[in-house]
Structures are given as C-alpha cells and as structure tokens.
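Colleague: I have a new model open. Please take me through it.

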Amino acid sequence: MKQTVWHNLKLCAQGDPRHTVEDAAIAVEDGKLAWLGAVADMPAQYAPWPREDLHGAWVTPGLVDCHTHLVYAGQRADEFAQRLAGVSYEEIARQGGGIVSTVRATRAASEDALFAQSAARLEPLLAEGVTAVEIKSGYGLELAAERKMLRVARRLGDRYPVTVRTTFLGAHALPPEFAGRSGDYIDEVCEHMLPALADEGLVDAVDVFCERIGFTLEESERVFEAAARRNLPVKMHAEQLSNGGGAALAARHGALSADHLEFLDEAGVAAMKGAGSVAVLLPGAYYFIRETQLPPLDLLRRYEVPIAISTDSNPGTSPATSLLLMMNMATTLFRMTVPEVLLGVTQHAARAFGDADRHGTLATGRPADFAVWRVQSLAELAYWIGRPLCERVVRGGETVFRRNLAA
C-alpha cells in the first residue's frame, strides 16, 4: 500500500481560480485521493505518511482536451498556403481537398506509421498537463481505415499515461467513392461501420459534422439514432460555418456537447441548456480559418451553458498541439475570462469528454491525477504564449512527466 502526502502547494481542486487553498496538502493512497485541503485542517492520521514537497507550486486537476482529431497521416500546409492566397475553406473542400485529402493519406498509412505520427502530436499535450484526451476517427471514411484510426487511438491510451476516449466520426465528410450519394453513405455508416466498430469495443461516443459541406439534419439524426441503438452517447460539429440547427438537434438527442458554434442562435443555446449539453469552443479553428463570426458568449453565459475549450487538433483547420495556447486564444479572441477558460479545460471539458466522474475535479476517492504548475498566479496559464509552465504531471499518484522549471 503506497501512501504519500504532497505538501507545500497551492490547490485549485475545482479548476476554478476563484476557489483555491493557498497552503494546502494532498494525501494519496494507492493512487487515489484520500484527503485534500488546507494543511491546518489535515487529519492527524496522515502526519506519519511519506512527504513530497512541491515548493509552493500550484496544483490543478489534470487538463482535459475534449475535442481532437489527433490520429491522421500527412499534413495540409499547402492548403494553408492556398487559404492565405484567398481560397476559402469551402472551396478547397469542394475541389477535393480538405478532409478528403487527409483521408487519402490516412488510408494509405500503415497502423504503425499512423501511430508514430499521432504520438508526436499527443506528447506536447501531455507535457502541458493534459491527462485526458478525446480522439475522433473520421479520416478513414471506410470500415478498414476507420478501424485502423480507432485502434491507433486505443494504442495511444495504452502506451501513454493519459485517458483516451474514442469518438466514431464516420459522418465527417463524403468519401469520393460515394460522391453524390450521401444517403447511401449514411446507410453504410449506420448499418455497417458503426455496428462493427462498436462490437469490437472501439467506440466510446459518436459524432457527426452537420454543415453545408457535411451532412444534413436528417442524415445527422439517422447517425444519432444508430448510436442510440448501441447505447452510445453523441456529440456534434455544429454551427461552424452557418446556422443549420444542428445544436438543437444534438440537444434533442441528449448530446454530451455541440462543438464550434460560431453561428449558434438563441434557440440553439436554449436547447443546449435544457439538455445539459456542453458548448465546446475551438479558438484554434476560429483563428486558423480567419473566421469573423464570434460564438455567442453572452447568450451562453446568460443561459448558464457550460463552456469547454479544446484544441480541435487537426491537419486542416487547427494544427495545434497546445491546450494552453487555446486558453490564451479563448481569452483574447472570444473575450473569455481566466476562470472561464480554466473551467473550460477542467470541469466543463470533463463533462464534454464524457467522464466527469473521474476527470476535471480533484476530490476524495477520485484518481490522483493532477498537474503541478510553477507559476505565481493561475492567470499565467492563459497569459504566457509558448512558455513551458507545467513542472510535473501526476497520474494515479505517480509522477509520469517532470520538467525542471527551477528559476
């Protein structure tokens, strides 16, 4: 039985900098939190336990990146150059680029090559205190390639000290072989791909890209109905490029989240509030495609819809591997506050992730998964750009990452 008291730390157990303990300690037994709080209140039973001194560092829950497309092959820097020259994201997609170009590369890659490329994108996230990451499929768009992507995502979770939840995003784009036959492709997704992958234990949730260049409301609902038959939770890429009513549809199906949401209207916000769905905002994509329509932050606040922040790490619209940078972007681009973005990568992200019972909050009985920050103020997590701030990552009570940040 391993017992440790982590002491000489400042604690932000709920991911909210408005509720902190300045002189705190954490007692860990067999990988779980036995007690945490002010040193002055620590029960005497923990006094004899071995000590680990954190030298005044801040401790938060491990961060949660709740919307990523980390598993794919290749890159799309040339398309980035096209956009800089004035070609729109939609034009590139209609010309056979965009998602479909990544599909070609991903289908061609071996599973080992795909794992190696994806691991290189995961590692920077882990070095920033991320202990949980959602990974979507959607660059295979056929059974074998989607299976390969999801297998790689599972391997990442097995190989690295991070919780990985997989999301089947077969309805991400229309593959070339189904050009002009979106209904037939949705049949393939609902009747063959999803059942097979779910039966293999590769799917934790189901997503769909509901948009003008994606799938219609009717097609999206068919995917949600197929997910329901497998008792799988759903989420949706919604209202990124237009207001199509996707968030309201997702809410009617009790979605974990609706994501992007630049064009979300009040009816959609109200529907999300009623369903308890999380609004996942993706400032990296907003920045990268030079969007000008801001997500409706005032409406989301007024309706008290929980807001999460994520990297949306993907090759075409957010080639980002820094959740801290996304926090900075959310404050500067979306005018979110520091408490909002910290909650957005802890508590609220854990809800969108689908595992709020384990992640996003530090509490007695939960796994001892936390990040240690060598900063004077938690506001620094959203302030610095490109500066390493995470000194240590602890998972199950064991240090799984350590960086020397001594001044």
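Colleague: Which strand does R392 lie in?

Modeller: R392 is in strand β14, residues 390-395. Helices (H or I, at least four residues) and strands (E, at least two) are DSSP runs, numbered from the N terminus. This is a predicted model, in which local features need pLDDT of at least 70 and side-chain atom pairs count only at pLDDT 80 or more, while totals for chains, interfaces and linings use all residues. Residues are numbered from 1 along each chain as its sequence is written, and side-chain values use heavy atoms, leaving out hydrogens and water.

Colleague: Is R392 buried or exposed?

Modeller: Buried, with a relative accessible area of 2%. Buried means under 20% relative accessible area, exposed over 50%, and partly exposed in between, with a 1.4 Å probe and protein chains only.

Colleague: And what does the side chain of R392 make a polar contact with?

Modeller: The side chain of E52, at 3.0 Å. A polar contact is a pair of N or O atoms within 3.5 Å; within protein, one must be able to donate a hydrogen and the other to accept it, and residues adjacent in sequence count only if both atoms are side-chain atoms.

Colleague: What else is R392 in contact with?

Modeller: Setting aside neighbours within four places in sequence, the contacts of R392 include W6, L54, F370 and F401. Contact means heavy atoms within 4.5 Å.

Colleague: Different topic. What is the strand order in the open sheet of four strands?

Modeller: The order is β5-β6-β7-β8, with parallel pairing. The edges are β5 (63-65) and β8 (205-208), each with a single partner strand, so one side of each has no neighbour in the sheet. On average, neighbouring strands of this sheet are turned by 25° against each other, direction ignored. Axes are lines fitted to C-alpha atoms, for helices over the stretch in contact, and angles run from 0 to 180 degrees between N-to-C directions.

Colleague: How many bridges are there between β6 and β7?

Modeller: Five, in the parallel sense. Two strands pair if DSSP finds at least two bridges between them. E134 stands opposite R165 in β7.

Colleague: And how many bridges join β7 to β8?

Modeller: Three, and β7 (residues 163-171) runs parallel to β8. T167 has A205 of β8 as its bridge partner, and A171 stands opposite V208 in β8.

Colleague: How many residues of β7 are buried?

Modeller: Eight of the nine, so β7 is largely enclosed by the rest of the structure.

Colleague: Which strands does helix α6 lie across?

Modeller: Helix α6 (residues 182-199) lies across β7 and β8, at about 150° to β7.

Colleague: What about α5, which buried residues does α5 have?

Modeller: They are A145, E146, K148, M149, L150, V152, A153 and L156. These buried residues pack against α3 (99-108), α4 (111-126), β6, β7 and α6.

Colleague: What span should the 17 residues of α5 have at 1.5 Å a residue?

Modeller: They should span 24 Å, and the end C-alpha atoms of α5 are 24 Å apart, which agrees. The expected span of a helix is 1.5 Å times one less than its number of residues.

Colleague: Now annotations. Where does UniProt place the feature "binding site"?

Modeller: The unreviewed UniProt entry places it at H67, H69, H237 and D312. They span 246 residues in sequence, yet no two of their C-alpha atoms are more than 12.3 Å apart, so they gather at one spot. UniProt positions are given in the numbering used here, feature names are shortened, and annotations may be inferred rather than shown by experiment.

Colleague: Where does H69 lie?

Modeller: In the loop between β5 and α1 (77-84). H69 is buried at 2% relative accessibility. Its side chain makes a polar contact with the side chain of H67 at 3.2 Å, and another, of 3.3 Å, joins the side chains of D312 and H69.

Colleague: And where does D312 lie?

Modeller: D312 is in the loop between β12 (307-309) and α12 (323-334), and counts as buried at 2% relative accessibility. Not counting residues up to four places away in sequence, D312 touches H67, T68, H69, H260, L282, A285, T317 and S318.

Colleague: Last one: which loop holds Q240?

Modeller: The loop between β9 (235-238) and α8 (246-252). Q240 counts as buried at 4% relative accessibility. Beyond residues up to four places away in sequence, Q240 touches several residues, among them H260 and A285.
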